[in-house]
Amino acid sequence: MHPRKTELALSVLQAHRAPLDLRQRRALILCDGKRSLDDLSQLLGNDAPALVAQLIRDGYLLADAPDAPPAVPAPVVMAAPAPAAAAAPATERRRSMVAARIYVLDILALQRNPTAQQLHRQLQSSREEGETVNAIRLALAHLPAMTSDGYAQRVRGRLQEVLPEPHLATVLQATPLPAA
(Lines give C-alpha, C1' and ligand atoms only; values in the text may rest on other atoms or scores of the structure.)
Protein backbone atom coordinates (compact mmCIF):
# COMPACT_ATOMS: atom_id res chain seq x y z
CA MET A 1 0.00 0.00 0.00
CA HIS A 2 1.24 3.49 -0.92
CA PRO A 3 -0.97 6.00 0.91
CA ARG A 4 -1.44 9.45 -0.61
CA LYS A 5 -3.04 12.68 0.59
CA THR A 6 -6.63 13.69 -0.14
CA GLU A 7 -7.78 17.25 -0.86
CA LEU A 8 -8.78 17.52 2.81
CA ALA A 9 -5.22 16.68 3.89
CA LEU A 10 -3.72 19.21 1.48
CA SER A 11 -6.00 21.98 2.74
CA VAL A 12 -5.28 21.16 6.40
CA LEU A 13 -1.53 21.14 5.79
CA GLN A 14 -1.66 24.44 3.89
CA ALA A 15 -3.84 26.18 6.47
CA HIS A 16 -1.58 25.16 9.40
CA ARG A 17 -4.69 24.61 11.47
CA ALA A 18 -4.63 22.44 14.56
CA PRO A 19 -7.04 19.51 14.05
CA LEU A 20 -3.99 17.23 13.75
CA ASP A 21 -1.21 16.62 16.20
CA LEU A 22 2.45 16.82 15.19
CA ARG A 23 2.74 13.08 14.54
CA GLN A 24 -0.32 13.06 12.26
CA ARG A 25 0.99 16.09 10.33
CA ARG A 26 4.37 14.38 9.89
CA ALA A 27 2.65 11.25 8.58
CA LEU A 28 0.58 13.29 6.13
CA ILE A 29 3.67 15.05 4.83
CA LEU A 30 5.47 11.73 4.30
CA CYS A 31 2.50 10.02 2.58
CA ASP A 32 3.20 11.04 -1.00
CA GLY A 33 1.92 7.96 -2.82
CA LYS A 34 5.50 6.79 -3.45
CA ARG A 35 6.41 5.47 0.00
CA SER A 36 5.15 2.07 1.05
CA LEU A 37 3.78 1.26 4.48
CA ASP A 38 7.11 -0.41 5.29
CA ASP A 39 8.99 2.78 4.34
CA LEU A 40 6.64 4.82 6.51
CA SER A 41 7.18 2.41 9.42
CA GLN A 42 10.92 3.00 9.20
CA LEU A 43 10.38 6.77 9.24
CA LEU A 44 7.52 7.02 11.76
CA GLY A 45 8.00 3.99 13.98
CA ASN A 46 6.22 0.69 14.57
CA ASP A 47 2.79 2.28 15.07
CA ALA A 48 2.81 3.76 11.55
CA PRO A 49 0.25 1.24 10.19
CA ALA A 50 -2.24 2.20 12.90
CA LEU A 51 -1.57 5.91 12.36
CA VAL A 52 -2.02 5.57 8.59
CA ALA A 53 -5.21 3.53 9.09
CA GLN A 54 -6.60 6.26 11.35
CA LEU A 55 -5.77 8.97 8.78
CA ILE A 56 -7.45 6.89 6.06
CA ARG A 57 -10.58 6.48 8.24
CA ASP A 58 -10.63 10.23 8.93
CA GLY A 59 -10.49 11.01 5.21
CA TYR A 60 -6.96 12.48 5.09
CA LEU A 61 -5.34 9.65 3.11
CA LEU A 62 -6.24 7.29 0.29
CA ALA A 63 -4.70 3.83 0.06
CA ASP A 64 -3.39 2.87 -3.36
CA ALA A 65 -2.62 -0.64 -4.47
CA PRO A 66 1.18 -1.13 -4.36
CA ASP A 67 1.67 -2.29 -7.95
CA ALA A 68 -1.07 -0.30 -9.67
CA PRO A 69 0.37 2.54 -11.73
CA PRO A 70 -1.81 5.65 -11.68
CA ALA A 71 -4.12 5.64 -14.69
CA VAL A 72 -4.53 9.07 -16.21
CA PRO A 73 -8.11 8.94 -17.56
CA ALA A 74 -9.75 7.05 -14.68
CA PRO A 75 -8.74 9.38 -11.82
CA VAL A 76 -9.84 12.44 -13.80
CA VAL A 77 -13.34 11.01 -14.15
CA MET A 78 -13.48 9.51 -10.65
CA ALA A 79 -11.57 12.18 -8.71
CA ALA A 80 -14.27 14.86 -8.69
CA PRO A 81 -17.14 12.85 -7.15
CA ALA A 82 -14.98 10.78 -4.78
CA PRO A 83 -13.84 13.53 -2.33
CA ALA A 84 -17.34 14.96 -1.96
CA ALA A 85 -18.83 11.51 -1.44
CA ALA A 86 -16.10 10.46 0.99
CA ALA A 87 -16.07 13.73 2.96
CA ALA A 88 -19.67 13.53 4.18
CA PRO A 89 -19.45 10.03 5.71
CA ALA A 90 -16.05 10.79 7.24
CA THR A 91 -17.46 13.89 8.96
CA GLU A 92 -20.56 12.03 10.09
CA ARG A 93 -18.44 9.13 11.33
CA ARG A 94 -16.32 11.50 13.43
CA ARG A 95 -19.30 13.15 15.14
CA SER A 96 -19.59 12.03 18.72
CA MET A 97 -20.10 13.54 22.13
CA VAL A 98 -17.08 11.61 23.40
CA ALA A 99 -14.82 13.14 20.73
CA ALA A 100 -16.13 16.64 21.50
CA ARG A 101 -15.68 16.10 25.24
CA ILE A 102 -12.09 14.86 24.87
CA TYR A 103 -11.25 17.70 22.50
CA VAL A 104 -12.53 20.38 24.90
CA LEU A 105 -10.82 18.67 27.86
CA ASP A 106 -7.53 18.81 25.94
CA ILE A 107 -8.05 22.48 25.02
CA LEU A 108 -8.81 23.38 28.64
CA ALA A 109 -5.80 21.41 29.89
CA LEU A 110 -3.55 23.55 27.67
CA GLN A 111 -4.75 26.78 29.27
CA ARG A 112 -2.80 28.19 32.22
CA ASN A 113 -5.82 29.71 33.87
CA PRO A 114 -7.72 28.90 37.10
CA THR A 115 -11.04 29.23 35.28
CA ALA A 116 -9.88 26.70 32.68
CA GLN A 117 -8.89 24.30 35.44
CA GLN A 118 -12.31 24.65 37.07
CA LEU A 119 -14.07 24.14 33.72
CA HIS A 120 -11.85 21.13 33.04
CA ARG A 121 -12.88 19.53 36.36
CA GLN A 122 -16.55 20.29 35.67
CA LEU A 123 -16.42 18.73 32.20
CA GLN A 124 -14.42 15.77 33.44
CA SER A 125 -16.94 15.04 36.18
CA SER A 126 -20.00 15.35 33.93
CA ARG A 127 -21.70 12.01 33.42
CA GLU A 128 -25.02 12.85 31.81
CA GLU A 129 -25.22 14.09 28.24
CA GLY A 130 -26.98 17.29 29.31
CA GLU A 131 -24.25 18.05 31.87
CA THR A 132 -21.59 17.46 29.22
CA VAL A 133 -23.31 19.75 26.72
CA ASN A 134 -23.62 22.46 29.37
CA ALA A 135 -19.96 22.10 30.40
CA ILE A 136 -18.78 22.35 26.77
CA ARG A 137 -21.02 25.40 26.25
CA LEU A 138 -19.53 27.07 29.33
CA ALA A 139 -15.99 26.29 28.21
CA LEU A 140 -16.67 27.86 24.80
CA ALA A 141 -18.15 30.94 26.45
CA HIS A 142 -15.04 31.39 28.65
CA LEU A 143 -12.42 30.50 26.03
CA PRO A 144 -12.19 33.95 24.35
CA ALA A 145 -11.22 35.48 27.71
CA MET A 146 -8.39 32.95 28.10
CA THR A 147 -7.02 32.88 24.53
CA SER A 148 -7.00 34.88 21.32
CA ASP A 149 -10.17 35.30 19.28
CA GLY A 150 -8.63 33.36 16.38
CA TYR A 151 -7.83 30.38 18.59
CA ALA A 152 -11.33 30.42 20.09
CA GLN A 153 -12.81 30.49 16.58
CA ARG A 154 -10.68 27.52 15.49
CA VAL A 155 -11.90 25.57 18.53
CA ARG A 156 -15.50 26.46 17.66
CA GLY A 157 -14.89 25.34 14.06
CA ARG A 158 -13.45 22.01 15.15
CA LEU A 159 -16.34 21.45 17.54
CA GLN A 160 -18.71 22.16 14.70
CA GLU A 161 -17.14 19.17 12.92
CA VAL A 162 -17.23 16.72 15.84
CA LEU A 163 -20.33 17.58 17.88
CA PRO A 164 -23.41 15.49 17.16
CA GLU A 165 -25.89 17.51 15.11
CA PRO A 166 -28.62 17.71 17.80
CA HIS A 167 -26.23 19.59 20.12
CA LEU A 168 -24.68 22.01 17.61
CA ALA A 169 -27.16 24.83 18.14
CA THR A 170 -27.06 24.57 21.94
CA VAL A 171 -23.29 24.54 22.25
CA LEU A 172 -22.20 26.84 19.43
CA GLN A 173 -24.73 29.58 20.13
CA ALA A 174 -23.27 30.13 23.57
CA THR A 175 -23.71 33.67 24.72
CA PRO A 176 -20.47 35.50 25.39
CA LEU A 177 -19.73 36.35 28.99
CA PRO A 178 -20.10 39.98 30.09
CA ALA A 179 -16.84 41.93 30.17
CA ALA A 180 -15.45 42.27 33.68
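**Helix pairs and nonpolar cores**

Modeller: In this predicted model, the largest nonpolar core has 25 residues, and those that touch the most other members are Val104, Leu108, Ile136, Val155, Leu159, Leu163 and Val171.

Biologist: Which elements give two or more residues to this core?

Modeller: They are α7 (97-110), α8 (114-125), α9 (129-146), α10 (149-162) and α11 (165-172).

Biologist: What is valine 104 in contact with, leaving aside its neighbours within four places in sequence?

Modeller: Valine 104 is in contact with Leu123, Ile136, Ala139 and Leu159. There is also a second, separate core of 17 residues, and Ala9, Leu51, Val52 and Leu61 are among them.

Biologist: Let's turn to helix pairs. How do the axes of α7 and α10 cross?

Modeller: They cross at roughly 165 degrees and come within 9 Å.

Biologist: What makes α7 roughly antiparallel to α10?

Modeller: Angles over 145 degrees count as roughly antiparallel. The axes here cross at roughly 165 degrees, and that makes α7 roughly antiparallel to α10. The crossing of α7 past α10 is right-handed.

Biologist: Which residues in α7 and α10 meet?

Modeller: From α7 come Ala99, Ala100, Tyr103, Val104, Ile107 and Leu110, and they meet Tyr151, Arg154, Val155, Arg158, Leu159 and Val162 in α10. By class, the residues of this contact divide into 10 nonpolar, no polar and 2 charged.

Biologist: Now the other pair. Why are α1 and α2 called oblique to each other?

Modeller: Helix α1 (residues 7-15) and helix α2 (residues 22-30) pack at an angle of about 120 degrees, with their axes 11 Å apart. Angles of 65 to 115 degrees count as roughly perpendicular and those over 145 as roughly antiparallel, while the rest, apart from those under 35, are oblique. α1 and α2 are therefore oblique to each other. α1 passes α2 in a left-handed crossing.

Biologist: Which residues in α1 and α2 meet?

Modeller: Ala9, Val12 and Leu13 in α1 meet Arg25, Leu28 and Ile29 in α2. That contact has 5 nonpolar, no polar and 1 charged residues.

Biologist: How do you know whether glutamine 24 is buried or exposed?

Modeller: Buried means under 20% relative accessible area. Glutamine 24 has 9%, so it is buried. This residue lies in helix α2 and touches Pro19, Leu51, Gln54 and Leu55, not counting residues up to four places away in sequence.

Biologist: And what makes serine 36 count as buried?

Modeller: Its relative accessible area is 15%, so serine 36 is buried by the under 20% cut-off. Serine 36 lies in the loop between α2 and α3 (37-44). Not counting residues up to four places away in sequence, serine 36 touches Met1 and His2.

Biologist: Why is arginine 158 called buried?

Modeller: Arginine 158 has a relative accessible area of 16%, so it is buried by that under 20% cut-off. Arginine 158 is found in helix α10.

Biologist: Finally, how many helices and strands does the protein chain have?

Modeller: The protein chain has 11 helices and 2 strands. Of its 180 residues, 35% are buried.

How values were computed: Residues numbered from 1 in each chain as written. Predicted model: local features only at pLDDT ≥ 70, side-chain atom pairs only at ≥ 80, totals over all residues. Heavy atoms only, no water. Axes fitted to C-alpha atoms, helices over the stretch in contact; angles between N-to-C directions. Helix = DSSP H or I, 4+ residues; strand = E, 2+ residues; numbered from the N terminus. Left-handed = near helix turned anticlockwise from the far one by under 90°. Contact = heavy atoms within 4.5 Å. Nonpolar A, V, L, I, M, F, W, Y, C, P; charged D, E, K, R; others polar. Core = buried A, V, L, I, M, F, W, Y, C linked by side-chain atoms within 4.5 Å. Buried < 20%, exposed > 50% of the residue type's maximum accessible area, 1.4 Å probe, protein only.
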